[in-house]
Amino acid sequence: MKSAKKAVSLCLAACLALGTAGCGASGSAQATTAGGGQESTESQGSQNAPSSGSDYTFKLATDAAADYPTTMGLQKFADEVLEKSGGRIKIEIYPSAQLGDENAYLQQLQFGAIDFAKSSVAPLAQFCDDLNALSLPYLFDSTDHMLRVLDGELGQEIFKSFESANIVGLGYTNNGSRSFFTKKEVKQAGDLANMKLRVQSSPMMMGLVESLGGFPQAIPSTELYSALQTGVVDGAENNINTYYNDSLYEQAPYLIQDRHNIQPEIIIASKMTWDKLSAEDQKLIRDAIQVGMDYQRQVWSEAEEKSEKLLKEAGVTIYEPTEEELEAFREKCQAMYEQEELGKPYEEFVQKVRSVE
């Protein structure tokens with residue numbers, strides 16, 4: 001019965017993918033093309049005659065806005081591909097979920113109706129169970145540590161696990177680190193005890209707050225500001241850019257940079273698209289994605305610095321815990337790594353992560 005339902009689901013997804021695919025050529029969806037302009041596939045067809053090899057126009061989907069650092073990195077990637085191919089390969093970027101949410105466009109990518117995409121970790125964890133381990137608290141020492149791990153052998157192992165799902169892994173972004181922000185100041189791990197803290201609805205995030213003695217509250221992000229304002233919650237957690245951009249500091253003016261969760265976003269391609277490319281064009285794409293990811297990481301870091309500066313100017317108290325204080329946070333959460341349903345299944349993966357200096 002499950003197989004039959006899955007087959008029907010895949011069939012429907014294929015139909016949806018084919019229907020949505022038409023948007024790039026003649027539908028109303030507007031793509032951001034290499035060079036940053038807005039134009040349809042048809043209007044591009046007469047420009048930039050290919051220098052050699054096949055001529056391609058590809059679709060890239062993301063749910064992030066055009067001015068989001070990751071989308072800016074993807075635009076850099078598209079521009080690099082256009083330039084290095086002599087105008088022969090064009091990548092149209094569809095931001096702001098124009099082609100559906102992550103789950104929707106991931107299905108389309110598997111069927112080849114979308115060529116490239118940005119995905120958060122959660123949707124891809126169905127193809128690589130080890131990705132769930134990235135939600136374990138204090139897994140990475142820093143963002144630099146995460147990037148060293150994922151840019152290396154372990155990151156390639158994750159990409160390899162995508163192959164059976166018709167997905168090719170290309171790159172990892174800097175998506176920041178998540179920290180707690182609260183209505184009263186927090187400096188020690190014990191200071192979060194008995195606080196009602198908003199988290200995403202996931203066992204890992206709920207377990208994090210419980211380990212620190214708090215009470216997790218699964219509230220939609222769109223309702224967080226009012227929940228803080230009315231005292232439904234005493235605090236929450238997210239990256240510093242979201243904390244600033246969503247004005248959450250107005251209701252929770254204390255930020256402790258404990259960086260309990262550091263995760264990337266992942267840039268992927270459809271294997272159906274990838275297999276059409278020559279070895280030379282595949283190398284061109286891989287080289288270009290590295291340029292795009294280097295730029296994305298730079299832009300994200302600059303955005304974090306700007307957010308921190310503006311938060312301080314707004315009167316927010318930002319606390320950087322000492323290494324000893326951070327160790328107390330880690331110790332309180334260590335039990336999660338030993339729980340059968342949370343950390344135990346990922347012991348080997350965690351060891352590999354922590355073996356990278």
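Trainee: What kind of unit do β1, helix α3 and β2 make?

Mentor: In this predicted model, β1, helix α3 (residues 69-84) and β2 make a right-handed β-α-β unit.

Trainee: How do you know that strand β1 and β2 pair?

Mentor: Two strands pair if DSSP finds at least two bridges between them. Strand β1 (residues 56-61) and β2 have six bridges, in the parallel sense, so they count as a pair. Within it, L60 stands opposite I93 in β2.

Trainee: Why is strand β2 called largely enclosed?

Mentor: Six of the six residues of β2 (residues 89-94) are buried, so the rest of the structure largely encloses this strand.

Trainee: Which residues of β2 point one way and which the other?

Mentor: I89, I91 and I93 point one way, while K90, E92 and Y94 point the other way; all are buried. In a regular strand the side chains alternate between the two faces of the sheet.

Trainee: Why is R88 called buried?

Mentor: Buried means under 20% relative accessible area. R88 has 5% relative accessibility, so it counts as buried. The residue lies in the loop between α3 and β2.

Trainee: What makes the link between the side chains of R88 and D281 a polar contact?

Mentor: The distance cut-off for N or O atoms is 3.5 Å. The side chains of R88 and D281 are joined at 2.8 Å, which is within that limit.

Trainee: Why is the aromatic pair of F159 and Y172 called stacked?

Mentor: A pair is described by the distance of the ring centres and the angle of the planes. Centres must lie within 6.5 Å, and planes under 30 degrees apart count as stacked. F159 and Y172 have 4.7 Å centre to centre and 5 degrees between the planes, so the pair is stacked. F159 lies in helix α7 (residues 153-162) and Y172 in strand β4 (residues 167-172), so the pair ties together parts that are 13 residues apart in sequence.

Trainee: Are F159 and Y172 buried or exposed?

Mentor: F159 counts as buried because its relative accessibility is 7%. Y172 counts as buried because its value is 2%.

Trainee: What makes the pair of Y243 and Y249 edge-to-face?

Mentor: Their ring centres are 6.3 Å apart and their planes stand at 80 degrees. The angle is over 60 degrees, so the pair is edge-to-face. Both Y243 and Y249 are buried.

Trainee: What makes the charged end of K76 count as sitting over the ring of Y295?

Mentor: One criterion is a distance within 6 Å of the ring centre. The charged end of K76 sits over the ring of Y295, 5.3 Å from its centre.

How values were computed: Residues are numbered from 1 along each chain as its sequence is written. This is a predicted model: local features need pLDDT of at least 70, side-chain atom pairs count only at pLDDT 80 or more; totals for chains, interfaces and linings use all residues. Side-chain values use heavy atoms; hydrogens and water are left out. Rings of Phe, Tyr and Trp (its six-membered ring) pair if their centres lie within 6.5 Å; planes under 30 degrees apart count as stacked, over 60 as edge-to-face and the rest as tilted. Helices (H or I, at least four residues) and strands (E, at least two) are DSSP runs, numbered from the N terminus. Buried means under 20% relative accessible area, exposed over 50%, partly exposed in between (1.4 Å probe, protein chains only). A charge sits over a ring if NZ of Lys or CZ of Arg is within 6 Å of the ring centre and within 35 degrees of the ring normal. A crossover is right-handed if, with the strands pointing away from the viewer, the path from the first strand over the helix to the second runs clockwise. A polar contact is a pair of N or O atoms within 3.5 Å; within protein, one must be able to donate a hydrogen and the other to accept it, and residues adjacent in sequence count only if both atoms are side-chain atoms.
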